[in-house]
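User: I'd like to learn how to read a contact between two chains. Can you walk me through one?

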Amino acid sequence: MDKKASFIPRGLYPLRTKRIFTISAVVVIGFYLLSSIITESFIIDFFIKIPNIFGLIGDFFPPDWGYVEQIWPKLFETIHMAIIATTLAVLISIPFSLLAARNVMTNSIIYQFMRFILNIIRTIPDIILAVVFVGLFGIGAFSGIIALIIFAVGILVKLMSEIIEAIDMNPTEAIRSTGGNALQTISYAIVPQILPQFISFSLYVFEINIRASVVLGLVGAGGVGQLINKEINFMNYPAVSTIVIIIFVVVVIIDFISAKLREGLL
Amino acid sequence: MIEFQNVSLVYPNGTQGLKDINIKINQGEFVVIVGLSGAGKSTFIRSINRLVTPTDGALLVDSNDILRLKGKELRKLRTKIGMIFQNYNLVRRSTVMKNVISGRLGYTGTWKSIFNIFSKEEQLLAYENLKRVNIEEKLYNRADELSGGQQQRVSIARVLTQQPKLILADEPVASLDPPTSHQVMQYLKQINQEDHITTIVNLHFIDMAIEYADRIIGMRAGEIVFDGPASEVTEKTFEEIYGRSIREEDKRGGGEIDG
Amino acid sequence: MAKNVEITLPTKPRSKWTLIKRIITLIIIVWIYIWTISSVTIKWDVIFSSRTMENFDRIIPRFFQPAWQETSSIFGKMFETIFIAYTGSLAAAVLAVPLAFLCATNIVRNKFLNNIGMWILGAVRAFPEIILAIIFVAAVGPNAFAGVLAIAIGSTGMLGKLYAEVIESIDMDIMEALEASGANKLQILFYGILPQVLPEFLSYAIYRFEIDVRASSVLGIVGAGGIGTLITFAYMNRNWEEVGMILLVIIITVTIIDQISGFIRKRLV
């Protein structure tokens, strides 16, 4: 008991941990100061500029409700783009997610290649895809849909392949032992395990696509974003706030419905 | 000294936790409270440090009625009462040292404690208490790296760091295996004898109660149905307390193994 | 399978409602698709015209000849992008904490306040960052600060929700232990709650930073600073070599940041 009588604990953490804490804190705060200087955005600025922000909010109000009539067609276009893109993306994702699942795709070269492509696709922001496709196909919903499909496939294949990798392979054995063929094995042992998540993720991606398709219009890829761009350029702020409020309401409603559906599924 | 005077407790949902309790517990006693689960053992123990508040009667700790205490005074009372839990209740991600020194929080100013400022004496006290339960080499380990028995020892060290006059232990060995259970009980008994700290332990193992207690209190349905020295207690007494015959699960066993 | 013995299967315990619900759902889905396909306007003749073919021939090869001479200006803007994301996510990581505690039902035992918190977070999440950026550009001018504000506000919604889930999953028994030792509310927060939640908070904040780097790389399209500014110019000037180069830089940067953040997050929890 007396062997360490002279030992005195120094604080609540070992020295090494303390050092790591200190260094991390210095790095985080230092980087924060540096980036505040470079982007000229100190948090104080926010409070200094609050009058500006509230002044502008004054410009945005009251919303121009007469403008609503002009919003519907473009808003519906946005929703249509999201529906079409999500549907096609789901169909495209199914074979690809099988290719990107380690337990199905035993060929590691194809598997690694799929993962590589997926990772690259997921780094490209949706709006840049839209820029490229607008350049190729011209202004309109078609370019937006293509951009959304690629964007959504990137997310879906990742999520779905992870689900496939996590399934319990024992039921496949059980079905096969009763004499089921390959197709029967898939439909009785694999599909029931993954279907709820597949649908859930599809709805989730649909939610993401709604938000994404709202903004694609900013670069001419169809939908309600085009209106925002136009009215901002005309400084027609009451119209902008009408659009923003309508988008907000629609997004909230769609999220709510989709969340309820997903809850029911899982 | 602790004195219950006509103490009753009715929970908001109508359950009667305690029914007209009258009892005195003297300084330095090692009391074991036995009873089936739901008999009111936990409520009894938690009344003493006011984690629950009796709805009727008076509860005197050193001649002060603690049922009237509020805010700062209540926290001051609690610093003098240590408590040990069935699930150890350590912050699993914090170091053993931080867990033990959190016993000093009641004595430490808020700002000082937020910046982890504790005096040399307090840190040394924490370390000495870890030594008392023979776990000082785990000082800087995270609590979740320790076994159940080790975690319970750390929680004993945390309680000692409070420098309490009274220790409450709510089923301290229910989550442990027999040898570790005896080890933990031996530490509690040893502390009780060396420091003359009044110790009240909830147990449902009859063999451990007889082995370690000075005095046994039996509870059933919120009432005290037995109170006497451990030497007078037999299996028959327990059958009366429990209202049924004794089963194998009522015994911890392993008492012969001297940990 | 004796022929003469009538075997009646027990009726499936499914009410008529389930069937009706399914039929209604099916009808709604079919109707949505008919509505979508019949009303979406795609000018197929324009899309599959000779002009598109020319575009392909003209644009795609230029895409794969990145404009190396622009490297320094592109990297400069990419760093600005990272700094915007960093400042914004750090602000959000802090802002989200009080909101998350407000939402956590095990900390604030008041359904009304919980719902207010949830409502604020939900409202913030409904806006895409770029829409927020448009509003902030109008408010504080076309600069990086507008981008920082958009990122900060946009990230608060998601982080607040994730934080709240972390807080709701903590072990509450520890509160009792600290309370029993005479600790006050603030001490319980710092010794009981924060040690349990901070690693996850940090991990989520870093994860959000990954997302924010992607998000802030396009904010420049509406004037909120960062590499997106260059995208607009390059695109307007039909400078596809530069678009290709910008895309390359974004892909590389985002990949590197994802790797670093994945590494840190693995060590945190």
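Predicted model: local features only at pLDDT ≥ 70, side-chain atom pairs only at ≥ 80, totals over all residues.

User: How many residues does the contact take from chain B and from chain C?

Analyst: Start by counting who takes part: chain B gives 28 residues and chain C gives 21 residues. Then look at area: the two chains bury about 2,200 Å² between them, with 57% of it on carbon and sulfur atoms. On the chain B side, Val91(B), Arg93(B) and Leu105(B) supply 28% of the area buried against chain C, more than any other three residues.

User: What is the count of salt bridges between chain B and chain C?

Analyst: Here you look for a Lys or Arg side-chain nitrogen within 4 Å of an Asp or Glu carboxyl oxygen. The count between chain B and chain C is three. One of them pairs Arg93(B) with Glu200(C), with the closest N and O atoms 2.8 Å apart. By class, the chain B side of this contact has nine nonpolar, 13 polar and six charged residues.

User: And why is helix H1 of chain B described as largely enclosed?

Analyst: For that, check burial residue by residue, with under 20% relative accessible area as the cut-off. In helix H1 (residues 41-48) of chain B, seven of the eight residues are buried, so the rest of the structure largely encloses the helix. Among the buried ones are Phe44(B), Ile45(B) and Ile48(B), but also Lys41(B) and Arg46(B).

User: Which residue with a positive phi follows H1(B)?

Analyst: That's Arg50(B), with phi near 60°.

Methods
Residues numbered from 1 in each chain as written. Chains lettered and ligands numbered in written order. Heavy atoms only, no water. Contact = heavy atoms within 4.5 Å. Buried area = accessible area lost by both parts, 1.4 Å probe. Nonpolar A, V, L, I, M, F, W, Y, C, P; charged D, E, K, R; others polar. Buried < 20%, exposed > 50% of the residue type's maximum accessible area, 1.4 Å probe, protein only. Helix = DSSP H or I, 4+ residues; strand = E, 2+ residues; numbered from the N terminus.
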